[in-house]
Amino acid sequence: MWFDMDCKSVKFKLFACENICYLPFGARAPSLRLHTSLHLAPLPLASLSGGKAVFLAAGAALLLLLVARRRKARAARRGVLQVLRDAEQSTPYVDGSPIYRKLVKRQAYASESLRLAMEQPDEFESLFMRLSQKDVAKGCIDPELVGVLRDTAVVSVRRRGRGESAEWCEMRLPAFMAHLANPMALLDPEVAEDATPLWSDGSWTGTLIWDSAVHATEFLLSNEAWRASLEGESVLELGCGLGLPGIVCALLGAAPVVLTDRGAVAALAEEGCRANPQLAAVRGVTLEWEEAAVKDLVTKHFNGQPPGVIIACDCIFAPMFGDSFLLLEVLSALAGPKTRIIVGLERRPKDGAEAFFTLAERAGFRTTLLLRVDRVVVVEMQLESC
Ligand SMILES: C[S@@+](CC[C@H](N)C(=O)[O-])C[C@H]1O[C@@H](n2cnc3c(N)ncnc32)[C@H](O)[C@@H]1O
């Protein structure tokens, strides 16, 4: 009797007592290249009846299958960890977030499928100055302007139609930039100011578009299999900020699509959805990362079922958001066996990303690299099925 297992060709051959069966498994080809092959010595089966031998062989085959899958998962995780390390060393940290920096300097980002630009009211100091100076006197920071004057993110997405036809869909998303916050509160916590929480808990970061969200969005727009699979799929975005990837999922046919973040940012996302008719079915909803709130959200917006896709971009950043593993707890509470999770991140010093993915594997998630661009890494996570 011989076993011959080849994970690369995703085919399994079982030779037992002259019978040959083919057991296909795991329809998905591994996206990190790896090859496992196991060869066993012939077993003396002469004394067993044909039925028993097949039974024994099937049991042993199953065992081998489990071992091979575990090995494959471990190799994939090692692969993702190596990619994270490579990303961290790829460019100097000061050169990070090139897309974000372009946008705050009011330069446009443009690719084959996506265009982004920031607009600001004429009265305002440039975004770049407001963010870099954090100075009330120099920056245009006036709480009176909140809700009246806003920056705007102009987002254009190229949707493919039938055949070669394509159309650009433009949306204008309200964005708060630094003018929302009183930076004096950063220096003096006693300063009472409505907009202060936007700074103090890191949620001001959600009023801008960050590089990993852009790259994850590009991935969704360019990957044929993912694009097709989004039709009718339920999508939840965590720490959504302006909600770019979630919005693009909705444009690609996903429903329901729920964008979530802390209060002020979620309100901004909701306002963006209400301002653009293409996003009539998309909701921006407040969600703090804690278990009870998560359960409540799933009951209200997903009929109690785990979302098909969960997206979290630039949400692993330990120094700013405290314990990033809160995110992992939330993902564990949300995900079902069929849920595909897209985690986008940009490597920053001591961001906790490697520990996050190591713990994710221990929590039962399989990780697969989707793409890396310099410091940005986008990973798919899915619960191991057995
Ligand atoms: C760097 S921003 C990313 C925004 C957007 N995803 C992007 O990539 O452009 C991180 C977001 O995570 C949100 N966030 C951080 N900790 C959170 C928590 N405990 N509960 C809910 N949202 C949180 C912040 O409010 C912020 O909007």
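H6 passes H8 in a right-handed crossing. The model discussed here is predicted.

Student: At what angle do H6 and H8 pack, and how is their arrangement described?

Tutor: Two packed helices are described by the angle between their axes and the distance between the axes. For H6 and H8 the axes lie 8 Å apart and the angle is about 15 degrees. Angles under 35 degrees count as roughly parallel. The two helices are therefore described as roughly parallel.

Student: How do the residues of the contact of H6 with H8 divide into nonpolar, polar and charged?

Tutor: H6 contributes Ala213, Val214, Ala216, Thr217, Leu220 and Leu221, while H8 contributes Leu244, Pro245, Val248 and Cys249. The division of these residues is nine nonpolar, one polar and no charged.

Student: Is helix H8 largely enclosed or exposed?

Tutor: H8 spans residues 244-251, eight in total. Its buried residues are Leu244, Pro245, Gly246, Ile247, Val248, Cys249 and Ala250. Because seven of the eight are buried, H8 is largely enclosed by the rest of the structure.

Student: Which elements do the buried residues of H8 pack against?

Tutor: One partner is helix H6 (211-222), and the others are strands. Strand S7 (151-160) is among them.

Student: Which residue just after H8 takes a positive phi?

Tutor: The phi in question is about 105 degrees. It belongs to a glycine, Gly253.

Student: Which are the edge strands of the open sheet of seven strands?

Tutor: The strand order is S11-S10-S9-S12-S13-S15-S14, and the pairing is mixed. An edge strand here pairs on one side only. The edge strands are S11 (283-286) and S14 (365-373).

Student: Which helix packs on the sheet by touching S10 and S11, and what angle does its direction make with that of S11?

Tutor: Within the sheet, neighbouring strands are turned by 20 degrees against each other on average, direction ignored. The helix that touches strand S10 (257-261) and S11 is H9 (residues 263-275). Its direction makes an angle with that of S11 of about 170 degrees.

Student: How many bridges join S9 to S12, and how many join S12 to S13?

Tutor: S9 (residues 235-238) and S12 (residues 309-313) run parallel, with Val235 opposite Val309. S12 and S13 also run parallel, with Ile311 opposite Ile342. The bridges number four for S9 and S12, and for S12 and S13 five.

Student: In which sense do S13 and S15 pair?

Tutor: Strand S13 (residues 340-346) is mostly covered, with six of its seven residues buried. Six bridges link S13 to S15 (residues 376-383), and Leu345 has Val377 as its bridge partner in S15. The sense of the pairing is antiparallel.

Student: Is Thr339 buried or partly exposed?

Tutor: Thr339 is in the loop between helix H12 (325-334) and S13. A residue needs 20 or more other C-beta atoms within 10 Å to count as buried. Because Thr339 has 19, the residue is partly exposed.

Student: What separates the C-alpha atoms of Thr339 and Val235?

Tutor: Leaving aside neighbours within four places in sequence, Thr339 is in contact with Pro306, Pro307, Gly308, Ile310 and Gln382. Val235 is 104 residues from Thr339 along the chain. The separation of their C-alpha atoms is 9.6 Å.

Methods. Residues are numbered from 1 along each chain as its sequence is written. This is a predicted model: local features need pLDDT of at least 70, side-chain atom pairs count only at pLDDT 80 or more; totals for chains, interfaces and linings use all residues. Two strands pair if DSSP finds at least two bridges between them. Axes are lines fitted to C-alpha atoms, for helices over the stretch in contact, and angles run from 0 to 180 degrees between N-to-C directions. Two residues are in contact if their C-beta atoms, placed from the backbone, lie within 7 Å. A residue is buried if 20 or more other C-beta atoms lie within 10 Å of its own, exposed if 12 or fewer, and partly exposed in between; C-beta atoms are placed from the backbone. Angles under 35 degrees count as roughly parallel, over 145 as roughly antiparallel, 65 to 115 as roughly perpendicular and the rest as oblique. A crossing is left-handed if the near helix is turned anticlockwise from the far one by less than a right angle, and right-handed if clockwise. Ala, Val, Leu, Ile, Met, Phe, Trp, Tyr, Cys and Pro count as nonpolar, Asp, Glu, Lys and Arg as charged, and the others, Gly among them, as polar.
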